[in-house]
Amino acid sequence: MTAFMLACYLNGVAQGGIYFKSVNDCTYYTEQLSGQTFDNVTGQTVIYKCICKLVPKVDDKKVKVY
């Protein structure tokens with residue numbers, strides 16, 4: 001099955017991903033989540049960035065695809 005993975009990063013470090021059947025759902029969450037910032041315990045500003053990636057083969061028996 002082909003799917004779209006929402007991959008999110010904090011200052012360039014991968015934080016996880018979630019798979020969608022629809023590119024529209026994936027890009028919606030990308031737009032809503034990207035650009036958020038917060039100050040961590042050391043006072044640095046951390047930026048949350050998400051992207052939507054095409055994944056040509058996903059085993060939907062092992063991975064939940066929304």
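A residue counts as buried when its relative accessible area is under 20%. By that cut-off Cys-26, at 0% relative accessibility, is buried. The model is predicted, and two disulfides are present in it. Counted along the chain, the bonded cysteines pair in the pattern 1-3, 2-4.

**Disulfide Cys-8 to Cys-50**

- The sulfur atoms of Cys-8 and Cys-50 lie 2.2 Å apart and form a disulfide.
- This bridge joins distant parts of the chain, with Cys-8 in strand 1 (residues 3–10) and Cys-50 in strand 4 (residues 45–55). The two cysteines are 42 residues apart.
- The S-S torsion of Cys-8 and Cys-50 is about 105°, and the disulfide is therefore right-handed.

**Disulfide Cys-26 to Cys-52**

- Cys-26 and Cys-52 also form a disulfide, with 2.2 Å between their sulfur atoms.
- Distant parts of the chain are again linked: Cys-26 belongs to helix 1 (residues 23–33) and Cys-52 to strand 4, 26 residues apart.
- A torsion of about 130° about the S-S bond of Cys-26 and Cys-52 makes this disulfide right-handed.

**Solvent accessibility of the cysteines**

- Both Cys-8 and Cys-50 are buried.
- In the pair of Cys-26 and Cys-52, Cys-26 is buried, with a relative accessibility of 0%. Cys-52 has a relative accessible area of 27% and is therefore partly exposed.

Terms used:
Residues are numbered from 1 along each chain as its sequence is written. This is a predicted model: local features need pLDDT of at least 70, side-chain atom pairs count only at pLDDT 80 or more; totals for chains, interfaces and linings use all residues. Side-chain values use heavy atoms; hydrogens and water are left out. A disulfide is a pair of cysteine sulfur atoms within 2.5 Å. Helices (H or I, at least four residues) and strands (E, at least two) are DSSP runs, numbered from the N terminus. Buried means under 20% relative accessible area, exposed over 50%, partly exposed in between (1.4 Å probe, protein chains only).
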